Amino acid sequence: AQIRYSIPEELTRGAFVGNIAKDLGTDVAKLAAANLQVLSDSDSQYFSVNVNTGVIMVPPRIDREQLCGQNPRCFPPPKLAIENPVEFYRIEAPPLGINDNPPEFPSEEVPPRIYELASLGARFPIQPAQDPDVGTNTLQTYHLSANENFNLNVKARTDGGKFPELVLERALDRELRAFHHLVLTAEDGGSPPKSSKTRITIQVLDANDNHPVFDRPSYGARLVENSPLGTLVVKLNATDVDEGPNGDIRYSLSSHNSAALRQIFAIDEQTGEIRVQGNLDFEEATVYEIEVEAKDMGSPTMEEHCSVVVEITDVNDNAPEVILTSFSSSLSEDALPGTVVAVIHVRDRDSGEQGKVQCHVSPDLPFQLRKDYEHQYSLLTSTRLDREHVAYYNVTISASDLGSPPLSRHTVLPIALADVNDNAPQFEQVSYEVLVAENNPVGSMLVTVSAADPDLEQNSRLSYSILRAGGTDPGLDPTRYLSIHPTSGQVSAKLPFDYEQTTYLQFHVEVSDGGSPALRNRTLVHVFIVDQNDNAPWVHFPRPPPDSATQFRISSLTVPPALITKVVAIDADSGRNAWLSYHLVEATDPGLFSVSLRSGEIRITRALQEMDASAHELLVVVRDAGEPPLPPPITLVVLVEEKGPEALQGSEGRATDSGGLPSITLYLIVSLVLISTVSLVGLAALGVRCL
């Protein structure tokens with residue numbers, strides 16, 4: 001037999017289900033005697049029977065959802081068995097569900113990610129809620145919180161499941177709203193209904209639908225030229241409202257920029273900083289316009305362009321330049337003042353006052369600058385020039401601008417003066433005095449006259465010649481005795497001089513240069529002949545006969561210092577060479593006679609005695625003072641007679657020298673006067689020369 005009961009779930013332990021004895025129509029006592037048992041195919045016992053009362057009870061708490069799940073026809077499988085006789089009774093006691101479970105979502109928050117360019121009408125499933133209840137107590141509907149972009153669609157399946165879907169009704173824009181926060185509510189059909197909620201946080205995935213945007217359409221900067229490398233020009237700022245790679249911006253110089261500009265400026269692709277990497281020169285460009293582009297890293301990339309205008313401020317970094325338009329490095333020394341030497345063009349690449357140039361030369365030079373035009377000057381001579389005074393000029397032209405501080409440049413013009421024959425030769429001495437010993441060798445050099453000409457080359461090539469001096473003896477032709485080398489000025493003797501014939505000679509030496517016309521000059525040369533001891537003294541009295549001695553007779557009564565005789569000698573030389581001395585070299589009786597050293601007088605020194613010889617031979621030598629001395633000897637014989645005169649001279653001596661002694665004295669006086677005169681003239685000339 002089969003017995004059916006309805007058991008509400010969630011009954012507590014020991015709750016009453018039914019009375020089996022009553023329902024079977026059996027006495028309770030019989031059930032106890034029949035050994036009533038509850039059998040089950042599972043390990044769990046869902047029911048128990050009190051055999052004493054026949055009451056079926058719920059031993060544990062019954063949870064239909066745990067026991068049956070979603071199966072609407074769920075019957076626990078308990079059986080009743082009795083003995084004597086054996087009988088089996090199947091008990092059907094399906095648990096009746098109550099609304100004891102709300103719908104449950106798998107998670108409290110759902111984070112769907114939706115591409116911002118998703119098409120309208122696109123559906124995005126949401127994981128459904130689960131309700132273990134059955135029937136009307138299970139999940140019945142969903143509710144979506146109010147929003148502008150999404151609607152809710154609930155998709156029902158044949159098994160009764162309901163799945164929610166979000167439907168895109170309005171286009172998304174991540175840049176306007178990156179996240180959408182919705183609330184989805186699941187509600188069952190119980191009474192009262194139970195519900196649960198889950199938060200839907202929709203992240204709008206970015207699409208590269210926005211290009212970068214600069215904060216300004218153009219940028220401006222001002223730099224001074226010659227700014228150091230690495231100087232910051234400007235920092236660009238571009239933004240892209242996209243995110244991730246789509247909003248990651250890279251900066252670069254546009255391909256429209258020239259290669260030269262790319263060498264001057266560089267940009268940091270990450271920061272957008274433009275810095276100087278080359279030389280900024282105001283003189284090459286005053287303004288630079290840089291085209292810059294900003295690209296995002298999306299696919300496809302999007303870009304934006306802007307321009308940067310960089311103005312260059314001039315600084316005084318260029319020194320003036322001096323350009324020679326015309327220049328002659330050689331200038332004749334006789335050029336007149338005002339002669340143009342060079343034409344100069346000046347320029348300065350700077351601008352404004354910094355580009356204005358002033359030029360000047362040193363006032364110590366015989367040159368001056370004349371300003372012809374704004375940037376042109378002429379270099380002129382200001383005074384007379386003299387190559388012999390200054391032969392070469394380094395003319396420094398100083399050009400300076402009006403910058404602060406000013407810059408200058410110095411250009412040196414080498415100017416050499418060309419020689420003209422404007423200087424006559426000049427002797428080193430106004431006159432020359434030469435002492436020449438007589439009997440000089442033929443060709444011996446007497447003197448070298450030297451002249452100098454400060455001119456150059458042919459104008460300074462000198463030639464010498466000998467001319468007769470005015471006022472000289474016409475018979476003394478200097479060219480007869482002398483010759484001169486035409487280029488060296490060496491004066492040489494053509495003949496030997498004889499002091500006894502010529503004691504003095506003067507002549508002119510003329511020098512002429514090789515210019516055209518030639519210039520000349522003269523000097524006076526005084527030649528003094530120096531006497532040499534080349535003449536031996538000549539005994540004028542007494543003159544001995546050939547191969548014999550001169551005899552003198554004296555009385556035996558002659559008393560000292562009686563003059564016996566006087567030896568007179570003449571020397572053709574002069575000066576010391578003509579200074580004569582007389583010497584008694586030998587005598588028969590050396591103590592009887594003496595000879596005066598200077599006058600040559602021979603005197604008796606003592607009275608004659610009977611024992612003295614009657615004839616005395618005297619050897620007298622006449623010496624000059626020259627080197628070497630030339631002494632001619634003379635032999636005298638003195639005869640002593642009793643009746644002779646006290647100072648008796650020999651007949652030859654008287655005959656020969658009667659009246660001759662006064663003439664010799666006259667000759668000596670004349671010679672002395674002449675020698676003294678020549679000496680005084682020479683001393684006077686020497687004094688004039690010294691003064």
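Modeller: Buried means under 20% relative accessible area, exposed means over 50%, and partly exposed lies in between, with a 1.4 Å probe and protein chains only. By that rule, both Phe214 and Tyr251 are buried.

Biologist: What kind of model is this?

Modeller: This is a predicted model: local features need pLDDT of at least 70, side-chain atom pairs count only at pLDDT 80 or more, and totals for chains, interfaces and linings use all residues. Residues are numbered from 1 along each chain as its sequence is written, and side-chain values use heavy atoms, with hydrogens and water left out.

Biologist: Why is Phe214 called buried?

Modeller: Phe214 has 9% relative accessibility, so Phe214 counts as buried under the 20% limit. Tyr219 has a relative accessible area of 3%, so Tyr219 is buried too.

Biologist: What makes Phe214 and Tyr219 an aromatic pair, and why is the pair called edge-to-face?

Modeller: Rings of Phe, Tyr and Trp (its six-membered ring) pair if their centres lie within 6.5 Å; planes under 30 degrees apart count as stacked, over 60 as edge-to-face and the rest as tilted. Phe214 and Tyr219 lie 6.4 Å centre to centre with 80 degrees between the planes, so the pair is edge-to-face.

Biologist: Why is the pair of Phe214 and Tyr251 called tilted?

Modeller: The centres are 6.4 Å apart, and the planes make 50 degrees, so the pair of Phe214 and Tyr251 is tilted. Phe214 sits in strand 18 (residues 213–214) and Tyr251 in strand 22 (residues 249–253), 37 residues apart. Strands here are DSSP runs of E, at least two residues, numbered from the N terminus. Phe214, Tyr219 and Tyr251 form one aromatic cluster.

Biologist: How do you know that Glu311 and Arg222 form a salt bridge?

Modeller: A salt bridge is a side-chain nitrogen of Lys or Arg within 4 Å of a carboxyl oxygen of Asp or Glu. For Glu311 and Arg222 the N to O distance is 3.0 Å, so the pair qualifies. Glu311 lies in strand 26 (residues 303–313) and Arg222 in strand 19 (residues 218–224), so the bridge ties together parts 89 residues apart in sequence.

Biologist: What makes Lys295 and Glu303 a salt bridge?

Modeller: Their N to O distance is 3.8 Å, within the 4 Å limit, so the pair counts. A search of the whole structure finds 22 salt bridges.

Technical notes: Helix = DSSP H or I, 4+ residues; strand = E, 2+ residues; numbered from the N terminus.
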